[in-house]
Amino acid sequence: MNYTIKEIAELTGVAKSTVSKALNGQKGVSEEKRQEILKLVSKCNYVPNAAARALSHNKSETIGILISSDAEYMINSSYWMEIIVSVAEEAERNNYNILLIRQDEKEPLKSLQNAVFKRAIDGIVIPAEQATMEIIKLLNKAEIPFVFQGKSNLCSNYCVDIKNEEGARILTEKLLESGCKKIGCIAGPEVFSYNQERAEGFRAALKNYGIDEYPIVFTDYKREETLANIKNFIKANPGLDSFIIMAGGDFLFHIFDAMKECGLKDGKTSLAIFDDCPQIHYLPYRIFSARQPVKQMGFQDAKILFQLIKGENPPKLSLFDINLVK
């Protein structure tokens, strides 16, 4: 038999509010009485009503993670899956659940609005790529704290990111130190601040080596656009002996297909990749890669969010170093 909080109060001869304080570690109850209540709770198999507890605390005990309308892209991405798992682990440690909130392609705000209006979340982690002014206004108006995974140009907010410019500079310098003379830079959409920062790191490295040509192409991550843009870039810049690629995942393999179609030979082209995954180390290229501490970033996303929920003052910006892999 499971007992209610009212029955626990009657058995211990105290008010329901006293039992609640004892269960939640709040002040206003003696340690002796707290231990007596906790012992009885354990003996009586008391299970708190989550909905009632959330209502009384004005908390849902759930945090959200916004995912794109192309959910398959995020679920198939080892980067985003590791972020999601890390946030979930940290949520569990705080006795919270997570809610994946998928953006609708035609009505991007619909799912998030539903979660906000129903008070289904106490806070949310947002990939910077998914951020819009409409989302920011909605969350600010509802006073729901949020953390960006990655920096956004839209507003100054709590965010977690990698040291993008420094990482790109280090990778480019590795190519230069290995004897590469003409390096091409391939980055994702220029609208994203991390691509801008990584391109700046590329330019800075070349400038330090006295090179004043900065062949750069920004492209969408979709396969067909990537293939067309990279093939045009290679044809417009003959003689490239190496590439620094500013993202991984499927984007990376779209680029490999474009390189192959352009006749670039395996083993004669060096690569620096701003991401790392096991598969690339089986490829017939000389490769330097930047391994991002994704798990730690996911933990930091959740840690900052819980600090905000508790009314604390976490750091505005958390930046992590890359780990260089050859």
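Ile65, Trp80, Ile83, Ile84, Val125, Ile126 and Pro127 line the largest cavity. A cavity here is a set of points on a 1 Å grid over the protein atoms alone, where a 1.4 Å probe fits but cannot get out; lining residues have an atom within 4 Å of a point. H6 and strand E3 (123-127) each give two or more residues to this lining. Helices (H or I, at least four residues) and strands (E, at least two) are DSSP runs, numbered from the N terminus. The lining has 7 nonpolar residues, no polar and no charged. The largest cavity holds about 30 Å³. The count is 1 cavity of 30 Å³ or more.

This is a predicted model: local features need pLDDT of at least 70, side-chain atom pairs count only at pLDDT 80 or more, and totals for chains, interfaces and linings use all residues. Residues are numbered from 1 along each chain as its sequence is written, and side-chain values use heavy atoms, without hydrogens or water.

Now the packing. A nonpolar core joins buried Ala, Val, Leu, Ile, Met, Phe, Trp, Tyr and Cys residues through side-chain atoms within 4.5 Å; buried means under 20% relative accessible area (1.4 Å probe, protein chains only). The largest core has 43 residues. Ile63, Ile183, Phe202, Ile244, Met246, Phe274 and Met297 touch the most other members. Elements giving two or more residues include strand E1 (62-67), helix H6 (78-93) and helix H13 (294-309). H13 gives the most, 8 residues.

A second, separate core has 24 residues, among them Ile186, Phe192, Tyr194 and Ala258.

Key
Buried means under 20% relative accessible area, exposed over 50%, partly exposed in between (1.4 Å probe, protein chains only). On a 1 Å grid over the protein atoms alone, a cavity is a set of points where a 1.4 Å probe fits but cannot get out, and a pocket is an open set with protein on both sides within 12 Å along at least five of seven lines; lining residues have an atom within 4 Å of a point. Grid points are joined across faces, edges and corners, and a volume is the space filled by probe spheres set on the points. Ala, Val, Leu, Ile, Met, Phe, Trp, Tyr, Cys and Pro count as nonpolar, Asp, Glu, Lys and Arg as charged, and the others, Gly among them, as polar.
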